[in-house]
Amino acid sequence: VTCTNFEEVINTLGEHVLTISYEGKTAIYRIEVVDQVTGIEIDVTNMKKDYLYGEELDLTNATVKAVMKSLASAEVKEITADMIVGYNKVALGEQEITVSYLGYEENFKVNVADYTTSIKVTAPSKISYISGDELDLTGMIVSKVLASGATEELLQSEVSITGYDKLTVGTQEIIVTYQEFTDSFRVVVVD
């Protein structure tokens, strides 16, 4: 059996004619050699990878393309939400996202972080004072409330306290501040 140009034909994309000869007989076949997808390549270099708790995944600048057996250049496509699995906007920490395209998968990682939404102050044990007494913060608890609902107790050195005047008689609102967040409690100063 002889086949003309077989090695050249199988390595060249497109339509070809094969001539096969055997014992004096010849047959001509028209064949088309097509490229094959062997995998995918994703590019998330310029994509946002750090998210706040509850934030939707932003696929802007995330692309995928087929890797061809012939090494020919393939069309670059935007990665869309229906191509991915693995993102959970309410799961803290590093997450592995899987991109599926043309039956192949590749992964990339993003991070979801919690953040402070407010503070909560539990008033100190002593809330009644005689004029001239220094403010006593014993028993006061200041906690930051995070977007996830978790709370973390803050040290008194991490907050500022304003609003107390030891010489002003009456009810006073004491303001507790952490970053841009505030809460308050009331004390009474008597003569």
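Contact here means heavy atoms within 4.5 Å. The model is predicted, so local features need pLDDT of at least 70 and side-chain atom pairs count only at pLDDT 80 or more, while totals for chains, interfaces and linings use all residues. Residues are numbered from 1 along each chain as its sequence is written, and side-chain values use heavy atoms, without hydrogens or water.

Thr98 lies in strand E9, residues 93-101; strands are DSSP runs of at least two residues, numbered from the N terminus. Beyond its neighbours within four places in sequence, Thr98 touches Met83, Ile84, Val85, Glu105, Glu106 and Asn107. With Asn107, the Thr98 side chain also makes a side-chain polar contact of 2.7 Å (a pair of N or O atoms within 3.5 Å, one able to donate a hydrogen and the other to accept it). Thr98 counts as buried because its relative accessibility is 14%, the limit being under 20% with a 1.4 Å probe and protein chains only.

Elsewhere, three strands form an open antiparallel sheet in the order E1-E2-E3. Strands E1 (2-3) and E3 (25-33) are at the edges with a single partner strand each, so one side of each has no neighbour in the sheet. Pairing requires at least two DSSP bridges between two strands; E1 and E2 (residues 14-22) are joined by two, in the antiparallel sense. Thr2 has Ser21 in E2 as its bridge partner.

Notes: Helix = DSSP H or I, 4+ residues; strand = E, 2+ residues; numbered from the N terminus. Buried < 20%, exposed > 50% of the residue type's maximum accessible area, 1.4 Å probe, protein only.
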